[in-house]
Amino acid sequence: MTVARARQISLDQTPYYHCVSRCVRRAFLCGKDRFTGRDFSHRREWIENRFIELTTVFAIELLAYAVMSNHFHVVLRVAENRASQWSDKEVIRRWGKIFQVPAEADCSNLVSEWRARLSSISWYMRCVNEPLARRANREDNCVGRFWQGRFKSQALLDDLSLLKCMTYVDLNPIRSGSATTLQNSLHTSAKARIGGNAAHLVPFLDEPHRQTKPLWIRSQEYLNLVHWTGRMIRPRRSRSFSEKPPPLLKQVEGSGSSWVREIRHYGKWYFRVVGPISAVERYREHLGVRWLKGAGHAHLQPLALNSG
């Protein structure tokens, strides 16, 4: 059953969302096309730079991302209250960084609309996808659709759901076999955090807060968890759990094997929503549907929502 985007993204339910955009016509966002031999790796920088640019425009914060060969993942937090605190002049300034702004005398009736758009995930994704599609089509010397319909969005209903999703996103290159470690997982948020180039990302507790509420764990705790999980799910690795799991796993009261199953099968087990069954049920009622894929796979103990 199709659900309107405005209902799928409900800030009353959660400020956290995982979004995915995928290419069509066997198009390559980046990487080497085995059919034509062309290398589109330079396009990875296009989208990563766009993420960085939009953090200075929108009241939407970036938590994690991974740029793959024909799609990308991004995990976002909407800071709606921040947009409401901006002056009209600040809204006009921000909107003018990405769109042409008419003469100031003509802006007064548009400011409230722009303010709402600057805290809209739909507008955020539009401002990522449309310029990239035009630029890629010019480079490919073609016209037509570049993205496979609209982006997919997934609501993350508590801290555990957010942690699972961020881990899954950062490990996409390792899961696909295009990288073997976090250090060589290029154009991911994990790589940016390891390299100290994470000013565009929501910080952890031990990092400079940069006028935004940090995540509830320390950076090394997160990176240790992602590193360990990546070693467990890396292709062709023997499935041995003799290596001691990181301490952070104890906080979610799940065994190492159950956590790895969650990350390994994340894309198959979850669709529109991730969260404890009680929260998923509330979200289901909000959407007005009878069933949501993934509700039966909430194996781990939920954490309290760390609203931002």
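A salt bridge is taken here as a side-chain nitrogen of Lys or Arg within 4 Å of a carboxyl oxygen of Asp or Glu. In this predicted model, Arg94 meets that criterion with Glu90, the closest N and O atoms being 2.7 Å apart. Both residues belong to helix H4 (residues 88-95), where four residues, about one turn of the helix, separate them. Arg94 and Glu90 are both buried.

Twelve salt bridges are found in the structure. One of them links Arg117 to Glu113, with 2.4 Å between the closest N and O atoms. These two residues lie four residues apart in helix H5 (residues 111-117), and therefore about one helical turn separates them. An α-helix has 3.6 residues a turn, so residues three or four places apart point the same way. Arg117 is partly exposed, its relative accessible area being 21%, and Glu113 is likewise partly exposed, at 34%.

A further salt bridge joins Glu281 and Arg284, whose closest N and O atoms are 2.5 Å apart. In helix H14 (residues 277-287), Glu281 and Arg284 are three residues apart, again about one helical turn. Glu281 has a relative accessibility of 35% and counts as partly exposed.

Terms used: Residues are numbered from 1 along each chain as its sequence is written. This is a predicted model: local features need pLDDT of at least 70, side-chain atom pairs count only at pLDDT 80 or more; totals for chains, interfaces and linings use all residues. Side-chain values use heavy atoms; hydrogens and water are left out. Buried means under 20% relative accessible area, exposed over 50%, partly exposed in between (1.4 Å probe, protein chains only).
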